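Subject: Structure handover and findings

Hello,

Here is the structure I said I would pass on. My notes on what was found in it follow below.

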Amino acid sequence: MHSPGWFAESVEAPWMPPGWMFRSMWIALYIGVAVAAWLVWRKGALTRGTLACYIVQLVLNAGWPLTFFGLYPVLGTAALWVAFAVIAGLAVTLVFLIMRFGPVNTGAGLLVLPYFSWVVFSASLNLYSALHN
């Protein structure tokens, strides 16, 4: 079980990793994307569109658990589809962030890739939940 409440009783994807892995991965990914932003900021390039893209990914990342876990008791399965739209938007935003960070600092662009990969993986878990709960 990963979480108390409705999720503890939900149908989970067969490829669902253990709960400790989620906590560990998100901490590492947050550190990586913060370092990436710092590398770009240090070059004076965390401005306008790049800054907006960075802020949008922060908002979407914060919004996903609120929609996935928080709205389910109110909206049921519809919340899982809303959450899927949020995480899909986050994945698209990360593609743009990689495209903006990479030319400024290759390392910064590369640091966002694991985050993007984990978001796509998490989106697959979200989709499974939406289809099976």
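Helices (H or I, at least four residues) and strands (E, at least two) are taken as DSSP runs and numbered from the N terminus. Read in sequence order, the chain has the pattern α-α-α-α-α, that is, five helices and zero strands. The model is predicted: local features need pLDDT of at least 70, side-chain atom pairs count only at pLDDT 80 or more, and totals for chains, interfaces and linings use all residues. Residues are numbered from 1 along each chain as its sequence is written, and side-chain values use heavy atoms, with hydrogens and water left out.

Overall dimensions

Along the principal axes, its C-alpha atoms fill a box of roughly 50 × 25 × 20 Å.

The accessible surface of the chain (Shrake-Rupley method, 1.4 Å probe; for residues, only the protein chains shown count as cover) is about 7,000 Å², and 74% of that belongs to carbon and sulfur atoms. Buried means under 20% relative accessible area, exposed over 50%, and partly exposed in between, with a 1.4 Å probe and protein chains only. Of the 133 residues, 42% count as buried. A contact is a pair of heavy atoms within 4.5 Å. Among contacts between residues at least 6 apart in sequence, 72% join residues at least 24 apart.

Nonpolar core

A nonpolar core is a set of buried Ala, Val, Leu, Ile, Met, Phe, Trp, Tyr and Cys residues joined through side-chain atoms within 4.5 Å. The largest one has 39 residues, and those with the most contacts inside it are Leu-97, Phe-101, Val-112, Tyr-115 and Val-119. H1, H2, H4 and H5 each supply at least two residues of this core, with H4 giving the most, 11 residues. Val-112 touches Val-33, Ala-36, Leu-94, Leu-97, Ile-98 and Phe-101, not counting residues up to four places away in sequence.

Aromatic pairs

Rings of Phe, Tyr and Trp (its six-membered ring) pair if their centres lie within 6.5 Å; planes under 30 degrees apart count as stacked, over 60 as edge-to-face and the rest as tilted. The count by this rule is 16 aromatic pairs. The ring centres of Trp-26 and Tyr-115 are 6.1 Å apart and the planes are at 80°, so this pair is edge-to-face. It links distant parts of the chain, with Trp-26 in helix H1 (residues 19–42) and Tyr-115 in helix H5, 89 residues apart. Trp-26 and Tyr-115 are buried.

For Tyr-54 and Phe-101 the ring centres are 6.4 Å apart and the planes are at 25°, so the pair is stacked. Tyr-54 is in helix H2 (residues 48–70) and Phe-101 in helix H4 (residues 77–104), 47 residues apart. Both Tyr-54 and Phe-101 are buried. Ring pairs also link Trp-6, Phe-7, Trp-64, Phe-68, Phe-69 and Tyr-72 into a cluster.

Asn-126 sits in helix H5 (residues 106–132) and counts as buried at 1% relative accessibility. Its side chain reaches the backbone nitrogen of Phe-84 at 3.3 Å. Beyond four places in sequence, Asn-126 touches Trp-64, Phe-68, Leu-80, Ala-83, Phe-84 and Ile-87.

Gln-57, in helix H2, is also buried at 1% relative accessibility. A polar atom of its side chain lies 3.2 Å from the backbone oxygen of Tyr-54. Leaving aside neighbours within four places in sequence, Gln-57 is in contact with Val-33, Leu-90, Thr-93, Leu-94, Leu-97 and Tyr-115.

Two further positions

Gly-109 lies in helix H5 and is buried at 4% relative accessibility. Outside four places in sequence, Gly-109 is in contact with Ile-98, Phe-101 and Gly-102.

Leu-29 lies in helix H1 and is buried, with a relative accessible area of 7%. With neighbours within four places in sequence left aside, Leu-29 is in contact with Pro-114, Tyr-115 and Trp-118.

Regards

Methods. Polar contact = N/O pair within 3.5 Å; in protein donor to acceptor, adjacent residues only side chain to side chain.
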